[in-house]
Every structure is written in C-alpha cells, then in structure tokens.
Amino acid sequence: MLLRPKLFRFRFKYQASPALKGALYYFFFFAGTGAFFPFFSSHLHELSLSSQKIGLIYALLPLMGLFVSPSISMLVDYKAWRVKTLRLGLLLMMLSALLLSQTQDFKLIFLFFALFSLMNSPVGPISNTIISQLATRHHVEFGRLRLWGSISFASSSLICGYLWRIWGYDLMFVVVAMMLSLAFLVSLSFEEPQMAAKLVQENDPQSDPKSDLESDLKSSSKSRLLKLWNSLEHKAIFLTLAASSFLIGAALYIDAVYAGMYMERLGGSSLLVGFLFATTAFAEIPGMRYVDKLLKRFGNLQSLLLAYGFIAASYIFSAFAIHPLMLILAYLIKGSGFGLWMVLTIKLIDRLAPYHIATTLQSLITVAAVASAQLIASPLAGLLASYNLRLIYLLSLLLSLAAFVLLFWRSQSFAGNS
C-alpha cells in the first residue's frame, strides 16, 4: 500500500511531461537506427551478396520515401491517424528487423527490408509532426528534444560497432527490435489529435467537413495534392524550402556514402571511420540545443542561411583535406550546420502549415531532401568517385552553395515570417 502513492506520482509525472516523452522517443528510436544502418551493408557483405544486390536493397529506402511516404502522410492527416500509424509502423519495423535476422536468402532479405523501408518512410515525418506540435503546445524547445536522438545515434553506433565486431551481426537485429519496442512504449503516451474534419471546420466554418473529408478521400491523388496546395497560405516559402532542402539533401547524401572511403584514402583507420560519424552526430547537439535562441536573435531566414553556410564551409575543408584530423574538423562543422538546418526546417513547416496537413508537408520536405536527392544525385556521385573522391566534396560544396544562393535570392518570400 505504501508503494502505491509513489507509483501513482511516477506515472502522473511521466504522463504530464511532454519533454520527457519526446526526448525518450527520439533517444530509443535513434539508438535503434544507430545500431542498424551504419552496419547493415557490412552484414549483407558478410552474407556474400554482390554490390549490385546490396545496391538494390538500399534503393528501397529512397523509393519508399518517394512513392509511399507522401500518400500515407496525406491519409494520416485527413483521418487524424498520426499516433495510430506511428505505433503500427514501429511494430512492423520491429517485426521486419527480427525477420531479417532469420534469413540469408536475397529474395527474403529484399522482401523484409522492403517492409522495414515501407514503415520507416512515414514514421520520421509523423513522429516529427507529433513531437514538434507537442513541444509547441507545451512551450518546450523542440531542438532540446531532438538532440537526444543525435546523442543516442552517436553513442549507439560507437558502442555497437565495437560489440558487432566481437559478437557478430546476429545480435544487431535483436537490439534494434528492443530499441524500437521501447520507442513504441513511449508512443503509447502520445495523444491522438482531433479528427481532421473538425480542424478543417475550425479553419473554414462555412464548409461541410464531413462531406469535404469524404470527397477528399475518394478523389485522386492529383486532386488531393491540388486541394492541399490551395489550402497552403505560404506557398513561396514552402517551395523555397523544398528546393533548397533538395540541394542540401543531395550534398549531405553523396558525402555520407563516400565518407568512410575518403577517410581511409587519407590514411585513417576503420576506428577513425566510426569516430567520424559519431563526431558528426555529437556536433549536431549545439545547433539543436540553441536553435530557439538563434531564431529570436536572427529570425528564420538568417538562421537557415547560417546553417547552409556551416555545411558549405565543411565541404571546403573536406575537399582540400590532407590529413584525417582535417576531415574530422570538417565533419564537426558539418554536424553543427546539419543539426541547425534540420530542426529549423521542421519548426518552420510546423509553424506555417495548416494543422490538418502538417504531416503531409513534413513528408514532402523529407521526399525532397532525402528520397529525391538520393535517387538523382547517386549516379553522378558514383561517376565522380570513380575518378577522384575529392570531386565528391567539390560537388557537395557546389550543391550547398546553390542552396545558400537560392535561399538568399528568395529571401523576399520570408518577409513577415522571420
């Protein structure tokens, strides 16, 4: 009997703490991805799969993001199923991770990773929308919550890299499933938002939300996108963010793919390769931690330009690096810019998007920055890498400078929203 009041107070405190919910979710989710994504290709290589087959498997991630994530996000927004879909996605990712541990057959690996990618593509935008809006409602800085994902990803990749080298990759899938299960348990405390129909009615009292919602769900994807676009007030800002995010995303992706090879080319060991990625993740923390202070001092446009400037500067150091330590310094700068850019973009979309299409817009930005950028930039990056790896960083430099110039050129669209 004496324990009951303590237990009640613990549960009440947990349920009443949005900061704890968001931080724990990001910590567990990115601990799982940090234990998995940096090492999955090595696992496939150990299974004697060819580079072509490994490439086909990894192509599932951008393909699912490009063709599946926006459609799921639209449906989730219209039906107000954000939390339900997040929980389902986490459960299916857990299942697919465990299934991947039970097979060495290429066809089954391809099938199970397709399920993993299918669920992974909408989980990111959905969770960002839920936690960003949760932070806004409870006056908590979103960056302080998201930084725990960077901390856990860096720590997990360092620790698991050592463990997998000793115990092999079979344990990897179990650890991933455990971390995702903990993220799922945290998601049980998230509140499902109001029905989208009610939110649409609040935005437009003259509309019939029930009939509008039913007609939207029955309409084609093209007409849904047109209606979504017409309901968006800040179209110029969204287009500018999408275009600049595409350029930055392409620069970051092709850089990440060849970073390990470049480090070894400069004389760095495999230990320094792992340290390089961990350094980048830890360097994201200051940008995420102080993003609100930067916004108050400089506004949206100047803060985004600062983030793009950091990323571009990192590629100058990378392209002309002659020692592994120079590359690590470059990645410290890049991590700071990346953390700032990501949180700023999520917060800006959350602030400007109508509530009933927030997840859809987050998903479209993710498609621009990740899926489309990967698919389009990969062939060119592969061609340049066959000549000289330094050309990769020069290309990333040009892309990030193009994003900076585009954002500065379209600065008028941010007038009144800084």
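At what angle do the axes of helix α15 and helix α18 cross, and within what distance do they come? The axes of helix α15 (residues 291-319) and helix α18 (residues 390-409) cross at roughly 160° and come within 8 Å. The views below show a predicted model, in which local features need pLDDT of at least 70, side-chain atom pairs count only at pLDDT 80 or more, and totals for chains, interfaces and linings use all residues. Residues are numbered from 1 along each chain as its sequence is written, and side-chain values use heavy atoms, with hydrogens and water left out.

**View A. Packing of helices α15 and α18.** Two packed helices are described by the angle between their axes and the distance between the axes. Here axes are lines fitted to C-alpha atoms, for helices over the stretch in contact, and angles run from 0 to 180 degrees between N-to-C directions. Helices are DSSP runs (H or I, at least four residues), numbered from the N terminus. α15 and α18 are therefore roughly antiparallel to each other; angles under 35 degrees count as roughly parallel, over 145 as roughly antiparallel, 65 to 115 as roughly perpendicular and the rest as oblique. The crossing of α15 past α18 is left-handed (the near helix is turned anticlockwise from the far one by less than a right angle; clockwise gives right-handed).

**View B. Packing of helices α5 and α7.** The axes of helix α5 (residues 69-79) and helix α7 (residues 106-137) lie 9 Å apart, at an angle of about 45°. The two helices are therefore oblique to each other, and α5 passes α7 in a right-handed crossing. Gly124 belongs to helix α7 and is partly exposed, at 23% relative accessibility (buried means under 20% relative accessible area, exposed over 50%, partly exposed in between; 1.4 Å probe, protein chains only). Gly124 and Ser69 are 55 residues apart in sequence, with their C-alpha atoms 9.6 Å apart.

**View C. Met64 and Ser121.** Met64 is part of helix α4 (residues 60-67) and counts as buried, at 17% relative accessibility. From C-alpha to C-alpha, Met64 and Ser121 are 6.3 Å apart, while 57 residues separate them in sequence.

**View D. Salt bridges.** The whole structure contains 2 salt bridges (a side-chain nitrogen of Lys or Arg within 4 Å of a carboxyl oxygen of Asp or Glu). Lys347 and Asp292 form a salt bridge at 3.7 Å, N to O. Lys347 lies in helix α16 (residues 324-352) and Asp292 in helix α15, so this pair ties together parts that are 55 residues apart in sequence. Asp292 is buried, at 15% relative accessibility. Glu141 pairs with Arg144, and their closest N and O atoms are 3.2 Å apart. Glu141 is partly exposed at 21%, as is Arg144 at 34%.

**View E. Positive phi at Ser48 and His139.** Most residues other than glycine have a negative phi. Ser48, in the loop between α2 (18-46) and α3 (51-58), has a positive phi of about 65° and is exposed, with a relative accessible area of 67%. His139, in the loop between α7 and α8, has a positive phi of about 55° and is exposed at 74%.
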